[in-house]
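Let's take a friendly walk through part of a protein model. Have a look at the structure first, and then we will follow a few of its helices together.

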Amino acid sequence: MKSIFRKKAIISVILAALILGMFQPMSSVQAASKRISLAQAKKSALAGSDSYGRIKSKITLKEVSYKQAVKSINLKIKNKTTFRWSPLLSFKFPEKLNFEDESNMVYKPAQIQTEIAQLKHDLADEVYAVYEKTEQLFLKTYTYQEKIAFEEKQIAELEKTLNKNKGRLVLGLATLTDVENIEKSLQKAEEKLIQDKKNFEIQKEKLSDIINIDVTTGYIFANPYVSAEIPRTVLEDLIQYTLDHDQAYYEAKMETQLSLLQLTSNYSLLEKQYGSDMGLIRPYVQQVKNGQKVDSSAFKLSYDRFLAKIDQPWAGSWKILFIRIPKEWIKGQIDGVRYIEDEPYALYENALEYQDVLSEQQSIKKELEDQVKDTFESVVT
């Protein structure tokens with residue numbers, strides 16, 4: 001699906017947005033009584049698009065989910081950090097928030113907001129997709145309309161020429177071969193006209209289906225073609241336009257931003273909890289955030305040493321007379337690895353995940369840039 005979206009973006013940016021005047025407008029079908037433009041067709045197609053309506057509904061539902069998620073997190077945090085009791089005299093004292101609690105406070109709402117942003121971009125992309133499909137059908141329909149008008153005019157000219165040469169044949173001013181050649185050209189033109197009229201009707205039916213207006217009879221189609229010069233100075237603008245509007249690249253970029261947010265926020269939480277002990281893994285995290293590749297094996301070894309170091313103060317025991325008292329007994333609720341006991345390797349996984357999604361984003365960007373450049377050169381040539 002991603003490659004389809006990318007292909008659509010390039011074609012529309014360079015070809016649909018800057019359609020070359022390859023077809024000169026010819027005489028329109030005079031029998032038609034109503035005139036419809038490409039802009040009218042696109043507007044009507046969008047108004048009747050079921051996909052567009054479904055995405056709008058998803059955005060509304062996701063916005064409700066965001067409010068519910070924020071409220072739920074706040075209630076859970078309040079419940080955990082306040083004194084609680086029940087009629088059965090069951091008392092629960094305030095608890096300190098662990099890493100998972102604090103991470104969810106930041107990440108969950110941001111995740112839903114990202115999903116909302118992606119849906120809004122989906123909505124814009126759906127508008128683009130509807131417009132592109134409508135444009136293609138409208139262009140084909142208009143082209144057949146003008147071809148038919150041209151061919152009818154051509155046939156009329158051939159008929160005049162044929163009659164003229166038949167008269168000249170009687171006078172001995174033309175040969176039978178001349179007349180036969182014109183008759184063959186006329187027959188070929190008439191066959192072509194019949195086929196184009198069939199195709200014209202097919203295209204009108206397809207266009208009627210997508211724009212929810214019956215244009216099979218009583219309509220003429222306004223010229224949608226525009227002439228344009230494409231200087232090479234606009235190439236960078238076209239590349240940037242494509243990057244701004246391509247759905248696959250947008251999704252990759254949003255995924256990268258969300259992954260960076262999770263990495264940054266989780267690192268801040270651990271740094272607040274463990275302070276200078278973070279020095280063991282800080283260089284690797286910074287290297288990943290700078291967009292550089294890290295040695296995952298070396299990072300894993302340092303991360304294991306970090307986990308051992310933060311639990312070192314509670315290793316072993318005290319000996320009092322003949323009794324040994326484990327230091328673990330005085331370990332606090334969120335001391336040492338207890339703070340991250342549910343996800344001890346979360347930051348390590350965050351860093352490697354960000355490294356992967358950033359690489360994917362850069363790969364998509366490079367592919368898009370190359371495709372736009374290649375297409376641009378083809379159009380200019």
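Which residue caps the N-terminal end of helix 7? It is Asp246: one of its side-chain oxygens lies 3.2 Å from the backbone nitrogen of Ala248. Keep in mind that this is a predicted model.

Now follow helix 7 along its length. Helix 7 covers residues 247-274, which makes 28 residues. From first C-alpha to last, helix 7 reaches 40 Å, close to the 40 Å expected at 1.5 Å a residue. After helix 7 comes Gly275, with a positive phi near 55 degrees.

Next, let's see how helices pack. Two packed helices are described by the angle between their axes and the distance between the axes. Helix 8 (residues 282-289) packs with helix 10 (residues 346-380) at about 25 degrees, and their axes are 9 Å apart. Angles under 35 degrees count as roughly parallel, so helix 8 is roughly parallel to helix 10. Their crossing is left-handed. Helix 8 brings Val285, Val288 and Lys289 to the contact, while helix 10 brings Leu347, Ala351, Tyr354 and Gln355. Of these contact residues, five are nonpolar, one is polar and one is charged.

Helix 10 also packs with helix 9 (residues 296-310), at an angle of about 160 degrees and with the axes 11 Å apart. Helix 9 and helix 10 are therefore roughly antiparallel. This crossing is right-handed. Ser296, Phe299, Lys300 and Tyr303 of helix 9 meet Ala346, Leu347, Tyr348, Ala351 and Leu352 of helix 10. That contact has seven nonpolar residues, one polar and one charged.

Note on methods. Residues numbered from 1 in each chain as written. Predicted model: local features only at pLDDT ≥ 70, side-chain atom pairs only at ≥ 80, totals over all residues. Heavy atoms only, no water. Helix = DSSP H or I, 4+ residues; strand = E, 2+ residues; numbered from the N terminus. Expected span 1.5 Å × (residues − 1). Polar contact = N/O pair within 3.5 Å; in protein donor to acceptor, adjacent residues only side chain to side chain. Axes fitted to C-alpha atoms, helices over the stretch in contact; angles between N-to-C directions. Parallel < 35°, antiparallel > 145°, perpendicular 65-115°, else oblique. Left-handed = near helix turned anticlockwise from the far one by under 90°. Contact = heavy atoms within 4.5 Å. Nonpolar A, V, L, I, M, F, W, Y, C, P; charged D, E, K, R; others polar.
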